[in-house]
Amino acid sequence: MKSWNRPGVPALPGAGTAPRLWDTATAAKVEAKPLSTASLYVCGITPYDATHLGHAATYLAYDGLIRLWMDAGYDVRYVQNTTDVDDPLLERATATGVDWRELAAQQTDLFRGDMEALSIIPPDNYVAVTEMIEPTAEAVKLLLDRGIAYYVDTDIYFDSAAASLSSPWTLGDESRMDRATMLELSEQRGGDPERVGKRDALDPLLWRGARDGDPSWDSVLGAGRPGWHIECAVIAETHLELPITVQAGGSDLIFPHHEFSAGHAAAITGSHLALSYSHAGLVGYQGEKMSKSLGNLVLVSRLTADGVDPRAIRLALLAQHYRNDWEWTDDLLKAAQQRLTRWLGWALDADTSQDTMATALLERVRAIVADDLNFPGAVTAIDDAIESGVRATAVDVAAVDALLGIRLA
Ligand code: 5CA
Ligand code: ZN
């Protein structure tokens, strides 16, 4: 599927280092240091109510990771999906009387425009779930043949216990959660722990047999559509070499989504899905997680339509640490707008006579962001430099562009 246009990223003198990144699976900071190519899969949107600031914050966090890898000299391979057929999307389409395909197409387009406005680096492969039905069905068939999947009526489930025995993955490897928490989250996040006939209440759906009024596709499994986690597992293993360097998304995906994506990928390929699992904190608004189901959304397109400079939105998001949960407020946006004005003034007065040397500020920013994407620390370092009267150089301005994605020139 069509991705979006890539922002220009200026080359900088010298090189940064591969960042250390908090890994959910080991609960420690690890070096996100690939041998040659760095690979990243970030879970994409389910295309309705796009693009709210929670989505934007998550994609911005991993845009930061890509920029640091590029600055460290790595080739980067980046894949993202769009969940263009799924229960919540279908429910919204029904509720609003819009064809689900139409809704997904409109919202994916809106998302692309918002990502581009925010200068977010696009994936090399932007893959819709509906483009991958056949390979997904084939993968489910393989799991059935290996005895790692089973039928309940016309639906097919993943046998977590069988997979734990016969693959490099064991339930809990990625999420580190106890069973009670898993059961609770499964119930809240699209699972069906109560369904009768499952071998384990936590076993997730791999394939949903066709039902009246539900979209379905003919496949090696007969008519139906894929479950949620298998889609991301198949898209990742089709488009990237496993194990990938980093699997990422918001922290609402730690369980069950990333746990079972890792389980499915391991059961299909015999390899771990990823070397590390990274999760962005959740952005709240008015006291709750910003979410489509609650409707407490601030949309990127609403702000830009109101004339807000996308660079100010980006700066407001960068001023929060990606791993924290935090609340969006209008004051944060105001502070970012004021900061952008200050930074623009600083850049306007840049000394362009020495345009090739790495500066103290560039090296300082590189060192700060290499520690678990500490972009708020970088923002403060730039503020401090401006405050103390350090005159910008062309390299400083390029560094703000290349590493923070804010074009001041
Ligand atoms: N399509 C699935 C992933 S395969 C999905 O979760 N879609 S989503 O539209 O609900 O979310 C898209 C991305 O934004 C996911 O990585 C999700 O974890 C993240 N996200 C959703 N809400 C928030 C929020 N309030 N704050 C931060 N990130 C969020
Ligand atoms: Zn996903």
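**Exercises: an enclosed helix and a zinc site**

Helix H14 (residues 394–404) has 10 of its 11 residues buried, so the rest of the structure largely encloses it. Buried means under 20% relative accessible area (1.4 Å probe, protein chains only), and helices (H or I, at least four residues) and strands (E, at least two) are DSSP runs numbered from the N terminus. This is a predicted model, in which local features need pLDDT of at least 70. Residues are numbered from 1 along each chain.

**Exercise 1.** Find which residues of H14 are buried and what they pack against.

*Solution.* Start with the list: Val395, Asp396, Val397, Ala398, Ala399, Val400, Asp401, Ala402, Leu403 and Leu404 are buried. Next, look for contacts, meaning heavy atoms within 4.5 Å. The partners of these buried residues are H1, helix H10 (310–318), helix H11 (330–348), helix H12 (360–369) and helix H13 (375–387). Finally, step past the helix to Gly405, whose phi is positive, near 70°.

**Exercise 2.** Work out which protein donors hold the zinc ion (ligand 2) and why the arrangement is tetrahedral.

*Solution.* First, collect the donors (N, O and S atoms within 2.8 Å of the metal, or 3.2 Å for Na, K and Ca). The protein supplies Cys43 (SG), Cys232 (SG) and His257 (NE2), at 2.1 to 2.3 Å. Then check the angles: the 4 donor atoms subtend 103 to 119°, which makes the site tetrahedral, a label that requires all angles between 85 and 135 degrees. Now place the residues: Cys43 sits in the loop between strand S3 (37–42) and helix H1 (53–71) and His257 in helix H8 (residues 254–269), so the pair ties together parts 214 residues apart in sequence. Lastly, check burial: Cys43 is buried at 6% relative accessible area, and His257 is buried at 0%.

Definitions and conventions. Chains lettered and ligands numbered in written order. Predicted model: local features only at pLDDT ≥ 70, side-chain atom pairs only at ≥ 80, totals over all residues. Heavy atoms only, no water. Tetrahedral: all angles 85-135°; square planar, octahedral: opposite > 155°, others 65-115°. Buried < 20%, exposed > 50% of the residue type's maximum accessible area, 1.4 Å probe, protein only.
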